[in-house]
Amino acid sequence: MDYFKILNLSREPFSNSPEPDFFFPSTRHIACLQQLELAIRLRRGLNVVMGEVGTGKTTLCRQLILRFSESEDDRTGVETHLLLDPSFSTPREFLSTVAMTFGLPEDDAAKSEWQLKESIKNYLFQKGVDENKTVVLIIDEGQKLPEFCLEILREFLNYETNENKLLQIVIFAQNEFKQILKDHENFADRVNQYYFLGPLNFKEARTMIGFRLARAGRGSESPFLFTFPGMWAIYRATGGYPRKIVTLCHQILLSLIIQNRVKAGWTMVRSTTGRLMPEMIRKDRWATAGVAAVLLVAVAGFVLFMPGA
C-alpha cells in the first residue's frame, strides 16, 4: 500500500499472520526447530512444545512444516499433517478428522471407531514400512485436546516397528498443558522431548524489530524507525512477547504516518501503549513508583546515618 512508502517500506513489516519470510531466528526458536527436526528424522514419536500466549508457537509450527518441504528428498520422504484446533466432541469425530487429514477415502466417515483406527493403522504401516516414509501429525493449540484424544494419540504411538514409531506427533500448546500431562501420566511417559518457549530479552526484541523492518524495507538500506528509548519502551510494554511486539509496533507505525513523523521515541511509544495496552501503563507506573520509593528510602537512610547528621 502507498502509505508504506512514507516510511520507506515496501510492505507491512508487522503483520499478525505467521509469514515465513518474517520469521525471526532467535536462539531459542532455532534450537527448538533443530531438536524437533532431529526427533522427527529419528522417528522418536511424541514431542511437546509449550509456551505462553504470544511466544511464537504457531510461527514455529509453520516453520517446522516448511523445513520438510525445502528439499526433494524431504518432500517425497516426509508427510506433514496439521490439526489447527483439536476441540473435538467425540472420539469418532477426532478419528474421522485424522483419517481425512491423512487423505483416507471419504467412505471411512461411515465406519465405526474401531474401523477408523484400523484404517489409520493400515495407512501408517503402508507409509512407514512399505514406502519408508515418515508421517508427522502436528497439533496446534494442544491445550484444547480432550482426554479421549490423549488416549487415542497414545494408541497411535503403539503403532511401531522394532526400530521406530510409525507416527511422529508434535504438540504445540499453552502452559496449561503441563497440568494435563500431570493428570495423564501414561501419556506424559510417552513424551520424547519437551521444549519450553519464553519471551525474548531486550537485545533479541530489538534485533527482531530491526529484522522485520529490514525485510520490509525498500532498497538496500532498511529504515530505522525507533529511537533507543523507544525500543526500550516497546520492550517494557510487551515483556518481550513477539506477538505483543508485532501488535504494538504496527500501531506505532500508524501513529508515525498520521502524525507525519519518521521516528518513534519514548513519548510516542508510551502514548500508543496507553491506547492499546492501558493495563501495561498502570503496571509500569506502579513499578516506577516502587523503584522511586526504594531509592528514596535508601537516600534517606544514607543521609540519616552520615557522620554529623
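Is Ser26 buried or exposed, and what is the relative accessible area of Ser26? The legends below take up this residue and then other parts of the chain.

**View 1. Ser26 in the loop between helix H1 (2-6) and helix H2 (27-41) of the predicted model.** Ser26 is buried, with a relative accessible area of 3%, where buried stands for under 20% relative accessible area, exposed for over 50% and partly exposed for values in between, computed with a 1.4 Å probe on protein chains only. Leaving aside residues up to four places away in sequence, Ser26 touches Leu200 and Glu204, a contact being heavy atoms within 4.5 Å. This is a predicted model, in which local features need pLDDT of at least 70 and side-chain atom pairs count only at pLDDT 80 or more, while totals for chains, interfaces and linings use all residues. Residues are numbered from 1 along each chain as its sequence is written, and side-chain values use heavy atoms, with hydrogens and water left out.

**View 2. Helix H6 (residues 113-130) and its buried face.** Helix H6 has 18 residues and reaches 25 Å from its first C-alpha to its last, close to the 26 Å expected at 1.5 Å a residue, the expected span being 1.5 Å times one less than the number of residues. Helices (H or I, at least four residues) and strands (E, at least two) are DSSP runs, numbered from the N terminus. Buried residues of H6 include Leu116, Ile120, Tyr123, Leu124 and Lys127. Seen down the axis of H6, the buried residues fall within an arc of 160°, so they line one face of the helix; the arc is that of the directions from the helix axis to the C-beta atoms. The face turned away from this buried side carries the exposed residues Trp114 and Asp130.

View 3. Just after H6, Asn132 takes a positive phi of about 55°.

**View 4. The lining of the largest pocket.** A pocket is an open set of points on a 1 Å grid over the protein atoms alone, where a 1.4 Å probe fits, with protein on both sides within 12 Å along at least five of seven lines, and lining residues have an atom within 4 Å of a point. The largest pocket is lined by 29 residues, of which Gly54, Gly56, Thr59, Pro242 and Arg243 lie nearest its centre. Helix H3 (57-67), helix H10 (202-216) and helix H12 (242-258) are the elements that give two or more residues to this lining, and H12 gives the most, with four residues.
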